[in-house]
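Have the sequence and the structure open side by side as you read.

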Amino acid sequence: GGRMKLKRIKIPIYDYTVLFADIEGKQDDGPMAKVLKGLNIDGENYADVINAIKTEATNGGDTYRNMRMKKLLIILYPCKSEAMRRNILAHETRHVVDRITEWINVNDIEASAYLQGWLAERIY
């Protein structure tokens, strides 16, 4: 495969950044290690991600966050099908929406749905 694509998506209205890491293969353990360290993601979470990359995990994703830095990270492992890729991205972006709205105390289904759509436009 190629190499990990890392996309930075700034959410202007809430001033958060979503990092989207699209994993291509086991050579991405190094670049991913840098990203995780930059967000102070360590211990078990760090080990889990690096291990998943090294063992070439597929059909999965993870979402991590550092709310003090106002950054969230979506990791997408290689998918066997486009349908699975969409499923996982919908699942992980939902976590992002929930985390942000919970953190800033926005309890409004319309605002959540708007953010979900906005992210979907930029992440797929």
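## Loop residues with positive phi

N105 is exposed, at a relative accessible area of 71% (exposed means over 50%, buried under 20%, and partly exposed in between, with a 1.4 Å probe and protein chains only). You'll find N105 in the loop between α3 (82-103) and α4 (109-123); helices here are DSSP runs of H or I with at least four residues, strands are runs of E with at least two, and both are numbered from the N terminus. N105 isn't a glycine, yet its phi is positive, about 55°.

A quick word on ground rules: this is a predicted model, so local features need pLDDT of at least 70 and side-chain atom pairs count only at pLDDT 80 or more, while totals for chains, interfaces and linings use all residues. Residues are numbered from 1 along each chain as its sequence is written, and side-chain values use heavy atoms, with hydrogens and water left out.

E56 is another non-glycine with a positive phi of about 55°. This one sits in the loop between α2 and β3, and at 47% relative accessibility E56 counts as partly exposed.

Which residues of α2 are buried? They are V49, I50, A52 and I53. Looking down the axis of α2, the buried residues fall within an arc of 160°, so they line one face of the helix; the arc is that of the directions from the helix axis to the C-beta atoms. The cover over those buried residues includes α1 (29-38), β3 (61-66) and β4 (71-76).

Leave aside its neighbours within four places in sequence, and A57 is in contact (heavy atoms within 4.5 Å) with A52, Y77 and P78. A52 is one of the buried residues of α2. The C-alpha atoms of A57 and C79 are 9.1 Å apart, with the two residues 22 apart along the chain.

Now switch to β2 (residues 16-22), where seven of seven residues are buried. Side chains in a regular strand alternate between the two faces of the sheet. In β2, Y16, V18, F20 and D22 point one way, T17, L19 and A21 point the other way, and all are buried.

What does β2 pair with? One partner is β1 (residues 5-11), in the antiparallel sense over seven bridges; strands pair if DSSP finds at least two bridges between them. K10 has T17 of β2 as its bridge partner. The hairpin of β1 and β2 has four residues between the strands, and D15 there takes a positive phi near 60°. β2 also runs parallel to β4, joined by six bridges, and L19 stands opposite L73 in β4.

## Rings

K70 lies over the face of Y16, at 5.1 Å from the ring centre (a charge sits over a ring if NZ of Lys or CZ of Arg is within 6 Å of the ring centre and within 35 degrees of the ring normal). Y16 itself is one of the buried residues of β2.
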